[in-house]
Amino acid sequence: MAEGEEAPPPGCWEKDLAEALEEGGCDLETVRNIIQGRRLPDDLRAKVWKIALNVVGKGDSLASWDGCLDLPEQSVIHKDCQELIDRLSVPEDEKSVLLLDIESVITFYCKSRNVKYNSCLGWIHLLKPLVLLRLPRSDLYNCFYAIMNKFIPRDCFLKGRPFHLFRLLLQYHEPELCSFLDTKKMTPDSYALNWLGSLFSYYCSAEVTQAIWDGYLQQADPFFIYFLMLIILVNAKDVILAQESDKEEMIKFLETSPANLELEDIEDLFSLAQYYCSKTPASFRKDNHSLFGSSLLGLKDDDTDLSQALCLAVSVSEILQANQQQGEGVRFFVVDCRPAEQYNAGHLSTAFHLDSDLMLQNPSEFAQSVKSLLEAQKQSIESGSIAGGEHLCFMGSGREEEDMYMNMVLAHFLQKNKEYVSIAKGGFMALQQHLADINVEGPESGYGHWIASTSGSRSSINSVDGDSPNGSSDGKGVKSLVNKMTVALKTKSVNVKEKVISFIENTSTPVDRIPFNIPWPDRASLERHVSSSDRVGKPYRGVKPVFSIGDEEEYDTDEIDSSSMSDDDRKEVVNIQTWINKPDVKYNFPCNEVKENGHMFPSHLLVTATHMYCLREIPSRKGLAYIQSRQALNSVVKITSKKKHPELITFKYGNSNTSGIEILAVERYLIPNAGDATKAIKQQIMKVLDALES
């Protein structure tokens, strides 16, 4: 409140609200302007909630129902409803009528929606705040239906999509906390199922629940619950990170933490949630809007598997729009991770280049590039450049097999607990398509405003990654990066302009890289098979040799990650040194296990006479490891490496027969001195195969 401004007399706004509600025809915007985030008076709550849920004037949905309480699970419904009545302070003479109303609401909802009731669904807890309003049965059902339809996300169950989305939000804002919980295998559904499924009413007192719902329903934004959940975790962060208790105790602590909320905490809870909301990309909502609403909308749901997402994805349209905005809000510092030749051929004019190949090819140069990147980000923010932003957004080509290296770079930043890290959805190909879609009349409409080239060639929206199909262009609307930045940078300091231009322009020599436009028939020539001199005797198992040590195909259809399907809680924990010293262990190769999403895990490859084991180190338990995988040597059908990255070795396991090869599992490792390792493993495989044949 401004200095000298008088506070409204106590009860003044309540009177205005009561009069507005009494007049009728009041909409949500009107009541929201009067209430301004304050807690609702008990006698007006029912009317305001009905307006917020848009059920004012709705008819009695149960009027045509025969009233039969005859579902197979009816006894469970009746028992849960009775327990709710017993927990509430309801006069004895009203209990039977209220019990019938609640049981009727649940039964009719199940029948009309063809849903099977289960106590774990949390519907009873959703009904509790509504029952306290003493609504007629028709209003009780309409409010319950509206909440289920608008505010409870689809797939709100264990391992459901809403909880994978929440983990991405947590990682975006609190990467350290997210990483800690990941390490403990504490997924959001293990502690937040009843937060989301009951909108906090499961653990919070009736008064606190009403205060939360007062604010939440007025927001009219179903995604706001995610930010309330986030604040609950952020508030408990220090306690969580200091916890030394076992997993189950920690889950119980987290699960019940909303019970500690008191009425005076709610204002701060919402203020902090609003702040985190303002620091979150709009794509968080837009790309997941079908989580809420009718089932018909759900049919259009994005089929992206959020459980496999490396980080939060941001649409290219938001990236373009965000950095044009003035004032507060999410602004992105775009990091283009494509090879230098692709970047120089055409890129987003405000993007910083970080060649992802350097991470494996030249680690020291990569480290220096990362340092320059962070310094460039800092300078661009300070200068007010349109290229500047707190939020790092990594852009690849948009081709999954090529962006594997970018994923490794992304994983590097995430492992360093860098906040505000996202990925451009669809990569540079999506950017090109978007610019073409919004500029259907051609280049003169101004798509060149966004695309720049630093190699002297012209960029084309219709080409892939800036490669013009005919090698020429009239260049209308296309400006060099330096010219573009000179025009676009909104800063008064010429020196600052030059600094920003210098760090955004990339002049590094293009990296030698296998092109991705090689047609399928020629790809066989990229692979070097084991020669006939590598072993003496017949081809093993009656088929042509398939075991190879050479360059890996870029388009691989056998990407089966066996270890990703395992659960660390079920894996055997062993002492690393004890296993290395076992008499049957012939070789030990320290390495990093590399996942498809780029995550790397310090590990050990142990080779015995017949098997190969991967022991993944446990960061929180020095000297101990999980047995991540155990593979028979005679199941290895192929060992491949990249020409550019000979230390990145891929093992493929499967069966060979006269009809071909069936790949059953794929594992990748980053092995120092990989040549020695693969030679030793290959020799041991040959011994096993010779023994089997003889």
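Trainee: Where should I be careful in this predicted model, and how many contacts beyond four places in sequence does it have for residues 295-301?

Mentor: Over residues 295-301, pLDDT stays under 50, and the model has 6 contacts beyond four places in sequence for them. Where pLDDT is low, the predicted coordinates should not be read in detail. Another such stretch is residues 440-447, where pLDDT also stays under 50 and the model has 11 contacts of that kind.

Trainee: What is the mean pLDDT of the chain?

Mentor: The mean is 79, and 78% of the residues reach 70 or more.

Trainee: Let's turn to helices. How do I read the length of α4?

Mentor: Compare its span with what is expected at 1.5 Å a residue. Helix α4 covers residues 74-87, which makes 14 residues, and its first and last C-alpha atoms lie 20 Å apart, close to the expected 20 Å.

Trainee: Which residues of α4 are buried?

Mentor: They are Q74, I77, D80, C81, L84 and I85. These residues sit on the same side of α4, because they cover an arc of only 140 degrees around the axis. Their packing partners are α5 (92-113) and α6 (123-131).

Trainee: Now for a pair of helices. At what angle do α8 and α10 pack?

Mentor: For a pair, look at the angle and the distance between the axes. Helix α8 (residues 161-173) and helix α10 (residues 188-198) pack at about 110 degrees, with axes 10 Å apart. Angles of 65 to 115 degrees count as roughly perpendicular, so that is how α8 and α10 lie to each other. On the α8 side, P162, F163, F166, R167 and L170 take part, and they meet P188, D189, Y191, A192, L193 and L196 in α10.

Trainee: And single residues in loops? Is R338 buried or exposed?

Mentor: Start with its place: R338 is in the loop between β2 and α19 (340-345). Buried means under 20% relative accessible area, so R338, at 2%, counts as buried. Its C-alpha atom is 7.5 Å from that of M406, 68 residues apart along the chain.

Trainee: What is the relative accessible area of Q324?

Mentor: Q324 has a value of 46%, so it is partly exposed. Q324 lies in the loop between α18 (316-322) and β2 (332-336).

Terms used: Residues are numbered from 1 along each chain as its sequence is written. This is a predicted model: local features need pLDDT of at least 70, side-chain atom pairs count only at pLDDT 80 or more; totals for chains, interfaces and linings use all residues. Side-chain values use heavy atoms; hydrogens and water are left out. Helices (H or I, at least four residues) and strands (E, at least two) are DSSP runs, numbered from the N terminus. The expected span of a helix is 1.5 Å times one less than its number of residues. Buried means under 20% relative accessible area, exposed over 50%, partly exposed in between (1.4 Å probe, protein chains only). The arc is that of the directions from the helix axis to the C-beta atoms. Contact means heavy atoms within 4.5 Å. pLDDT is the predictor's confidence in each residue, from 0 to 100. Axes are lines fitted to C-alpha atoms, for helices over the stretch in contact, and angles run from 0 to 180 degrees between N-to-C directions. Angles under 35 degrees count as roughly parallel, over 145 as roughly antiparallel, 65 to 115 as roughly perpendicular and the rest as oblique.
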